[in-house]
Amino acid sequence: MKAVKNIFFIIPLLFVLLGNYFQYITGLYSLRSIDPEYIYFISGLSVANGELELGHIDNPGTPLQYLLALLFRIIYFLRSHQTNFIEDALTNADMYLSVSNIVIIALVGFFLYYAGLKVYKNTKNIAYALLIQTTPFYTGIIYGNIGRVTPENILPVPVVLLTILLVQIAVGKLSSSDRKFTIFSSLIMAFGLSIKLTFFPILIIPFIVIRGWKKKALYSILTPVFFFVFALPATLQIKTFWNWVKALFLHSGQYGKGEESVIDFQTIVPNLQKLWNGNAIFFLILLFFIIILAVYSRRQRELKSKLLIKISLSLIAACILQILLVSKQFEQRYFVNALFLIPALIVVGFELTKEWHLKIKQVSISLLVTLVFILAFSKTQVPVIRQLSTHLANQQQKRMPAYHFFQGINANAIKILVPGYYNCPSPEYALRFSYGWAGKQKELYQPYLADLFPNTIIFYFWDKTFNHWNSKPDLENTTQPIYVYLEHFKHLETIDSELKKHIHTNFALKEVFRNEDSNEVILIVEKQKNDA
């Protein structure tokens, strides 16, 4: 048994290794990926301070907010307390996020190990246990997200928990009429929904599997109740949250935008084509599963057979609903829940065909097929990992020169940052972006940010405004040097024109840094004496 247990370390260790590797080559979040990292940073910080009326409740992402709050407090506990908690977190935001991500990846890795042991204990089938552990790996999105702080990183957890319950039912260790299954299902589904609303199609699985209409009704009541308990920040702003959900359903575009149309039929076919192109393996497995179910249904009639058919139909229904959801509002990341069901489809498929299995020298054909499948699939993922590795490493390499230049600027210098949407070589923009999602807690953070960055101004192109946390630095009369960072040197003419509205003394913008690889440029304002 001990030797078998050691097998279940392999996939979780690979998951943790990939997470740490991708986080390392992603680099500082403030330089690359402020969305959603810095949205969840400010939410986690607010929860850590006992505030639950958050500025961001859209996903709703509540489990990640709670987890970050706990980890932020633990991180601060381990640090020198020369400054208070809020100031330390704001000053070292990248570090707080990076350490939190490492812990989250480790927790998910540990959970995958537990899931393998749990499934093996219930089935004595190594193949089933290994398949369940591969749940996070069937989407390329995992490699882009695993080194980041996103809700998608913990989405596999509720899917795996549900799969464990389904496996227990399939092998007779748990009854679908058991009240325990109803309550556990409600808790797991509410947990998944509180991570991402796109989890919604998965809710149909327990509803179909649960035996008895009274228990189905109980499940239908408990799930939303548990959801509103888990997603307390959304519950406290229920009107705002409901309007957001309603807009998602009634509008054809993403994020509740676009025309008022539940379905835009002109986009369905192109979206389905994109889904197929990016997830062919899922559709092939689903098609093969449907064929197996059709053959099985014609041959079997006993009670256990009917239960397996119900489980199978529930999985198919969830997959179809997820396909319809993504065909309405296309984003590959909205489809990850369906991809997480691939192990469940394969395991139930093995159960449907169990009586046809052969053994080769006492080794189950299911284990041989599983090992071949995992190895073949892993081989297809190597180019994906290498390509993403090269991309992330190149992006980090491009951005570091400007970052190092800013590190050498006089601390009292005035900095005018003209960023793109996602990054800037100085953490002030990431925190400004984060501050925009602080909601009612803006007043809490404003004094700290004003004290930390008294000489920073951020210019937004979309509304041509100069933004700061305190009174704006006196650009006209200051004796401190003024540096201007441009995310792209094509913006030089625009910023020169806007600065003339605030600096009436003749001045010139002298270039002191240029990065041709990233198009960034840093300039210094040189004031000139007016001719007599």
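In which helix is the place of S366?

Guide: The model is a predicted one, in which local features need pLDDT of at least 70 and side-chain atom pairs count only at pLDDT 80 or more, while totals for chains, interfaces and linings use all residues. Residues are numbered from 1 along each chain as its sequence is written, and side-chain values use heavy atoms, with hydrogens and water left out.

S366 sits in helix α21, which covers residues 365–407. Helices here are DSSP runs of H or I with at least four residues, strands are runs of E with at least two, and both are numbered from the N terminus. S366 counts as buried because its relative accessibility is 1%; buried means under 20% relative accessible area, exposed over 50%, and partly exposed in between, with a 1.4 Å probe and protein chains only. From S366 to T353 there are 13 residues in sequence and 9.7 Å in space, C-alpha to C-alpha.

Another buried residue lies in a loop. T198 is found between α11 (179–195) and α12 (204–209), and its 12% relative accessibility is why T198 counts as buried. Beyond the neighbours within four places in sequence, T198 has contacts with Q322, L325, Y334 and N337, where contact means heavy atoms within 4.5 Å.

Next, the nonpolar residues. The largest nonpolar core holds 151 residues, and Y38, F41, F282 and L315 have the most contacts inside it. Helix α7 (residues 93–123) gives this core its largest share, 12 residues. Such a core is a set of buried Ala, Val, Leu, Ile, Met, Phe, Trp, Tyr and Cys residues joined through side-chain atoms within 4.5 Å. With neighbours within four places in sequence set aside, F282 is in contact with C319, I323, F335, A338, L339, I342 and L345. A second, separate core has 18 residues, among them I457, F459, L486 and L523.

As for the whole chain, there are 24 helices and eight strands. Of its 532 residues, 53% count as buried. Among contacts in the chain with a separation of 6 or more, 73% join residues 24 or more positions apart. Along the principal axes, the C-alpha atoms fill a box of roughly 100 × 55 × 50 Å.
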